[in-house]
Amino acid sequence: MKVYRFCNWSVNPYDGSLNEKYNLIQLGLISPSNNYLRKDPIFQDGINTFGENMPMSKYFFPSLADTLYTAYPNKEREITLMELDIPNSLLLKNIGLGYYESLQVEYCIPYQEMYQFLAQDFNDYTLPSLAFYNDNMYKKKNLSHLKEYQELEKLLAKVKDISYIYQENRLSIYPLFCFTPKNINYYVIPKENSKYFKEIAKKIKAVREDRYCFEAELKRITQAREDLFFFDHDFSKDELFRFTHSIIEEENKELRKILFKK
């Protein structure tokens, strides 16, 4: 199933949110999201059903309309959309809800699983780097002082095109986490088109709600309150996937024709 995320949520070059965009466009790489490998760790994963202290992960929307709607909160801007084809088996076990002024279905995919399922070629440094980072990311230590970190730095010599990898304000080992997936697309939506596409996304979401009572059904399946401060932690992921999958796939098919002319 194709899933989506927008890469450049901020135009500030110093906060690191452009790393993912530039590595995608210039090199076709998947690279860590904005929260990770900061010199001064900050973890702000938002309000969702996935819990705290997750391993390094990446969030995706199944819905192209939800992606566009969330990417344009209150102003027009250029955005870059990432489109990845991820096996349904991987999506199913990582499905949940996020709160973005309303409830939206999303996937939180552990980075290790993304690498193992999607990497075009495997190397001998990404998995050890992930194991080290996942073990230490929440310990508030200066990671670069650890012996294991210094051993990982020696592996940087193995990274292809390392001088081209964009890693603004990130730890030196950032390139060890970047990899080429088997299949990835990106689409740059110009600033002047943003208002038009947000309106289309808004209409699609309204039709979805009228036709399927979508949000009410999400709440029923997860026993969630609208703000997600309460929900059933044992909700059926199978049921959530079954209910949302066909509805969103049909929407995406039509919206892709408009957005990507295909």
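## A buried pair

Which residue's side chain meets that of R208 in a salt bridge? In this predicted model, the partner is D66, with N and O 3.2 Å apart. The pair links distant parts of the chain. R208 sits in helix α7 (residues 194-212) and D66 in helix α2 (residues 64-71), 142 residues apart. Both residues are buried.

R208 and D66 also belong to a network of salt bridges, together with K205 and E251. The salt-bridge count comes to 16.

## Two further salt bridges

E113 and K93 form another salt bridge, at 3.2 Å from N to O. This pair, too, links distant parts of the chain, 20 residues apart. E113 is in helix α4 (residues 111-118). K93 is in the loop between α3 (88-92) and β4 (95-99). With a relative accessible area of 18%, E113 is buried. K93 is partly exposed, at 45%.

E250 pairs with K253, their closest N and O atoms lying 3.8 Å apart. Both are in helix α9, three residues apart, so about one helical turn separates them. E250 is partly exposed, with a relative accessible area of 44%. K253 is partly exposed as well, at 42%.

## F230 in its loop

F230 lies in the loop between α8 (214-222) and α9 (237-259). Its relative accessibility is 53%, so F230 counts as exposed; the cut-off for exposed is over 50%.

Setting aside neighbours within four places in sequence, F230 is in contact with Q223, A224 and R225. T49 is 181 residues from F230 along the chain, yet their C-alpha atoms are separated by 9.2 Å.

Terms used:
Residues are numbered from 1 along each chain as its sequence is written. This is a predicted model: local features need pLDDT of at least 70, side-chain atom pairs count only at pLDDT 80 or more; totals for chains, interfaces and linings use all residues. Side-chain values use heavy atoms; hydrogens and water are left out. Helices (H or I, at least four residues) and strands (E, at least two) are DSSP runs, numbered from the N terminus. Buried means under 20% relative accessible area, exposed over 50%, partly exposed in between (1.4 Å probe, protein chains only). Contact means heavy atoms within 4.5 Å. A salt bridge is a side-chain nitrogen of Lys or Arg within 4 Å of a carboxyl oxygen of Asp or Glu.
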